[in-house]
Amino acid sequence: QVQLVESGGGLVQAGGSLSLSCAASRSMLSIAAMGWYRQAPGKQRELVATITSYGSTNYADSVKGRFTISRDNAKSTVTLQMNSLKPEDTAVYYCNARLISYRDPTYWGQGTQVTVSS
């Protein structure tokens with residue numbers, strides 16, 4: 001298994017920036033992909049951005065050009081840099097990790113609140 005520790009959530013004004021970090025308790029060598037999902041009030045959880053062990057990235061259309069996902073293998077950490085934030089970005093953001101294993105297990109962080117004021 002793997003533990004995911006998130007940090008960086010908070011309150012920011014529209015147009016501002018915020019950076020989220022997720023640290024995994026195991027080496028990136030055993031992690032196929034990591035990413036961020038979010039869930040706003042009254043809505044289902046949705047993908048925000050993911051990054052694979054090879055560095056390939058995937059973004060939701062709503063955040064392309066504004067958010068950037070990156071990783072630091074030495075620190076087993078994934079960072080989501082969020083710029084030009086909008087009120088509709090307000091949600092609980094969850095870190096996700098998919099391990100290299102026969103059953104393809106997925107793990108989640110506890111979530112961190114991001115609130116964007118108008």
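Tutor: Buried means under 20% relative accessible area, exposed means over 50%, and partly exposed is in between, with a 1.4 Å probe and protein chains only. Strands (E, at least two residues) are DSSP runs, numbered from the N terminus. The model is predicted, so local features need pLDDT of at least 70 and side-chain atom pairs count only at pLDDT 80 or more, while totals for chains, interfaces and linings use all residues. Residues are numbered from 1 along each chain as its sequence is written, and side-chain values use heavy atoms, with hydrogens and water left out.

Strand 1 pairs with strand 3 in the antiparallel sense over four bridges; two strands pair if DSSP finds at least two bridges between them. Glu6 has Cys22 in strand 3 as its bridge partner.

Leu4, Met34, Trp36, Leu80, Met82 and Tyr93 have the most contacts inside the largest nonpolar core, which has 31 residues. Such a core is a set of buried Ala, Val, Leu, Ile, Met, Phe, Trp, Tyr and Cys residues joined through side-chain atoms within 4.5 Å. Two or more residues each come from strand 3 (18–24), strand 4 (31–39), strand 5 (46–52), strand 7 (67–72), strand 8 (77–82), strand 9 (91–99) and strand 11 (112–117). Strand 9 gives the most, with five residues. In soluble globular proteins, nonpolar side chains tend to be buried together.

Met34 touches, among others, Leu4, Cys22, Ile69, Val78 and Cys95, not counting residues up to four places away in sequence. Contact here means heavy atoms within 4.5 Å.

Ile69 also has a place in the strand pairing, where it stands opposite Leu80 in strand 8. Strand 7 and strand 8 run antiparallel and are joined by six bridges. They form a hairpin with four residues between them, and Ser76 in the turn has a positive phi of about 50°. Ser76 is buried, with a relative accessible area of 8%. Its side chain reaches the backbone oxygen of Arg26 at 3.1 Å. This is a polar contact, meaning a pair of N or O atoms within 3.5 Å; within protein, one must be able to donate a hydrogen and the other to accept it, and residues adjacent in sequence count only if both atoms are side-chain atoms. Ser76 touches Cys22, Ala23, Ala24, Arg26, Ser27 and Met28, again not counting residues up to four places away in sequence.

Ser30 is found in the loop between strand 3 and strand 4 and has a relative accessible area of 18%, which counts as buried. The side chain of Ser30 reaches the backbone oxygen of Ser27 at 3.0 Å. With residues up to four places away in sequence not counted, Ser30 touches Leu99 and Ile100.
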